[in-house]
Amino acid sequence: MTTPDADRERALERGRLLFAQPCKFLWAADSVDQLPPTDLPEVAFAGRSNVGKSSLVNALVGQKALANVSQTPGRTQKLNFYGLGDPARLRLVDLPGYGYAKVSKRAVDTWTALIEDFLRGRPNLQRALVLIDVRVGLKDSDVAALKVLDEAAVATRVVLTKTDKAGAAELAEVTAAVARALKKHPAAFPDIVATSAEKGFGIAELRADLAELAAR
Ligand SMILES: Nc1nc2c(ncn2[C@@H]2O[C@H](COP(=O)(O)OP(=O)(O)OP(=O)(O)O)[C@@H](O)[C@H]2O)c(=O)[nH]1
Ligand SMILES: [Mg+2]
């Protein structure tokens, strides 16, 4: 008989093994006409500019500089596709940030439309991760993204980022507030993953979660 602990250990091990495989940059798209084929399961990293999407991709795959990271919001300007595994079994899609960026409003509007089109119309999108900075909390632009994902019925995991910057009380408060808001979003799982790309918190759990989606 297996115990829940043994199941959890096995899931963590599957995650560790998958993310220990090579991960390579495949493709960057700045329009939905340029997307790669839909032959592999994909996970999208969505969230406001500067929330830590590219940093989380790097932490998951254990590479420092696969995805471009910057202090200036608006670093990632295209949909960047990475292939995990050799041969690839899962694609990670690092999206531009929505909500705000230190670029023109027109650029933000163009990216927002691109991100929404992608999230709505990608048949092999198995999971969206919506990242929320623990020091910023849930904003209107996040709620708008969660609504798009509800409408498209994309299974969504909310991930808190930069939790190394928050104390335990703040983390618990933000987690509870976000969990309350998620009750209105049927596509979102109720469980929230707290992460720090910097300190490695929550990375093993998230790897285990995503390993469930990889092609066999
Ligand atoms: N303290 C801390 N800082 C982080 C963490 N993750 C990311 N950062 C910092 O946050 C800033 C933005 O990180 P990015 O990964 O570029 O964020 P992004 O969401 O990809 O940003 P855009 O591509 O501009 O939308 C950088 O200065 C990172 O070093 C974390 O876990 N802890
Ligand atoms: Mg980025």
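User: What is the shell around ligand 1 made of, by residue class?
Analyst: The shell divides into 13 polar, six charged and five nonpolar residues (nonpolar: Ala, Val, Leu, Ile, Met, Phe, Trp, Tyr, Cys and Pro; charged: Asp, Glu, Lys and Arg; polar: the others, Gly among them). This is a predicted model, where local features need pLDDT of at least 70, side-chain atom pairs count only at pLDDT 80 or more, and totals for chains, interfaces and linings use all residues. Residues are numbered from 1 along each chain as its sequence is written, with chains lettered from A and ligands numbered from 1 in the order in which they are written.

User: Which of the 24 residues come nearest?
Analyst: Gly52, Ser54, Ser55, Thr76 and Gly97. A residue counts as near if its C-beta atom, placed from the backbone, lies within 6 Å of the molecule.

User: Which element gives the largest share of that shell?
Analyst: Helix H2, residues 53-61, with three residues (helices are DSSP runs of H or I, at least four residues; strands are E runs of at least two; both are numbered from the N terminus).

User: Switching topic: how many helices and strands are there?
Analyst: The protein chain has six helices and seven strands. Their order along the sequence is α-β-β-α-β-β-α-β-α-β-α-β-α.

User: And what does the C-alpha trace span?
Analyst: About 55 × 45 × 35 Å along its principal axes.

User: What does Phe45 touch beyond four places in sequence?
Analyst: Its contacts there (C-beta atoms, placed from the backbone, within 7 Å) are Lys53, Leu56, Val57, Leu92, Val93, Asp94, Leu95, Leu129 and Leu131.

Notes
Two residues are in contact if their C-beta atoms, placed from the backbone, lie within 7 Å.
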